[in-house]
Amino acid sequence: MTNVSKKNVLVFRPLPEDQLARLQAAHHVVVADPRKEPEAFAAALRSAHGLIGSSHTVDAALLDGAPQLQVISSVSVGVDNYPLAELHKRGIVLCHTPDVLTETVADTVFAILMATQRRVVELSTLVREGRWTKNIGEELFGTDVHGKTLGILGFGRIGQAVARRGALGFGMPVLYHARRPVDLATQAPELQGRATHTPLDDLLARSDIVLAMLPLTDATRGMIDAAFFARMKPGAAFINGGRGATVNEDALLYALDHGTLRAAGLDVFAKEPLPADSPLRTHPRVTPLPHIGSATHETRHAMAELATTNLLQVLAGEKPTAPYDTASA
């Protein structure tokens, strides 16, 4: 990497020790969590050339307090916490961490799908609480996964990885809806003949399980609403592994209680952590998880390593490995 003078880096979420050491070897580093140390964060922000972290909303007011800022390196693939147009206008580079978490998130999503279909969490709780006193009856039976039609909204890297698990591992016909068809011959040849680009209404009417893997944008915010659930196949299940705010949670609850939606598996929510008074927390037909899509030791370290590399590259005047195109906002 090109030899440059040391700059100021602000770390706003903990990094693994080895990645923090990489930053400290090259630059002046301050670690300050804005949720716990707002004054220290604001003070360091004023001279920061680089920011690295995740799960904190960056807005124009925060950027106003960072006049030296050149780069934000997010330890995430999603960028909905960042004002893309504002970053582009100010010439601030945004980096993220795609690819390294694809397979891990797909594992998590398919685990939620399996748990929802087979009622794994609910029936495990039955055993833990000592309520398994006889063979279970039909009222506790689950639903098969193999051979069922899987509908996927959003067919990027993770959507395709889930499709591979369903189509190749469980013989599931896959329907997907995206802004444009994916060239399977070049991007996912193993899914040729197994995954079909499908209009949304057709996908909802035919799918036994609907999986949302959507980014959060103005177009997708709240798009999964009452009308969406009403168009789903009676008795189908809904899984969300994308972004919580794409779902109208009141509509989801209504579809579970008064419509024909059989079950829901959720790793993401409109507000996180999920409020204690949210009906989704205890609903008998909801399998909720605490946003653990990429939460493995191996993957979180790989994400931190890529984010650190991105930051060091930009501060060295080099092209980062994984920039995000803010001009597309």
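Ser55 lies in the loop between strand β3 (50–53) and helix α3 (60–64). Its phi is near 60°, a positive value in a residue other than glycine. Most residues other than glycine have a negative phi, and most peptide bonds are trans. Helices (H or I, at least four residues) and strands (E, at least two) are DSSP runs, numbered from the N terminus. The model is predicted: local features need pLDDT of at least 70, side-chain atom pairs count only at pLDDT 80 or more, and totals for chains, interfaces and linings use all residues. Residues are numbered from 1 along each chain as its sequence is written, and side-chain values use heavy atoms, with hydrogens and water left out.

Strand β3 belongs to an open sheet of five strands, in the order β2-β1-β3-β4-β5. The pairing is parallel. Two strands pair if DSSP finds at least two bridges between them. Strands β2 (28–31) and β5 (93–95) stand at the edges. Each has a single partner strand, so one side of each is left without a neighbour in the sheet. From one strand to the next, the twist averages 15°. Strand β1 (residues 8–11) runs parallel to β2, and four bridges join them. Within this pair, Val9 stands opposite Val29 in β2.

Helix α1 (residues 17–26) packs on this sheet and touches β1, β2 and β3. Contact means heavy atoms within 4.5 Å. The direction of α1 makes about 140° with that of β2. Axes are lines fitted to C-alpha atoms, for helices over the stretch in contact, and angles run from 0 to 180 degrees between N-to-C directions.

Helix α1 also meets helix α12. Their axes come within 9 Å and cross at roughly 10°. That makes α1 roughly parallel to α12. Angles under 35 degrees count as roughly parallel, over 145 as roughly antiparallel, 65 to 115 as roughly perpendicular and the rest as oblique. On the α1 side, the contact uses Asp18, Gln19, Arg22, Leu23 and Ala26. Their partners in α12 are His301, Ala304, Glu305, Thr308, Thr309, Leu311 and Leu312. The residues of this contact divide into five nonpolar, four polar and three charged. Here Ala, Val, Leu, Ile, Met, Phe, Trp, Tyr, Cys and Pro count as nonpolar, Asp, Glu, Lys and Arg as charged, and the others, Gly among them, as polar. An α-helix has 3.6 residues a turn, so residues three or four places apart point the same way.

Helix α12 (residues 297–315) has 19 residues and should span 27 Å at 1.5 Å a residue. The expected span is 1.5 Å times one less than the number of residues. The end C-alpha atoms of α12 are 27 Å apart, which agrees. Just after α12, Gly317 takes a positive phi of about 80°.

The crossing is right-handed. A crossing is left-handed if the near helix is turned anticlockwise from the far one by less than a right angle, and right-handed if clockwise. Residues of α5 in the contact include Val105, Val109, Phe110 and Met114. Those of α7 include Ile158, Val162, Arg165 and Phe170. The contact residues of α5 and α7 divide into nine nonpolar, two polar and five charged.

Another open sheet has seven strands, in the order β8-β7-β6-β9-β10-β11-β12, with parallel pairing. Its edge strands are β8 (195–197) and β12 (286–288), and each pairs on one side only. Neighbouring strands of this sheet are turned by 15° against each other on average, direction ignored. Strands β6 (residues 150–153) and β9 (residues 209–212) pair in the parallel sense over four bridges. Leu153 has Ala212 in β9 as its bridge partner. Helix α11 (residues 249–257) lies across β10 (237–240), β11 (263–266) and β12, and runs at about 145° to β11.

The loop between β11 and β12 holds Pro273. The peptide bond from Glu272 to Pro273 is cis, with omega near -5°. Ala270 is found in the loop between β11 and β12 as well. Not counting residues up to four places away in sequence, Ala270 touches Gly244, Ala245 and Glu249. Ala270 and Ile52 are 218 residues apart in sequence and 24 Å apart in space, C-alpha to C-alpha.
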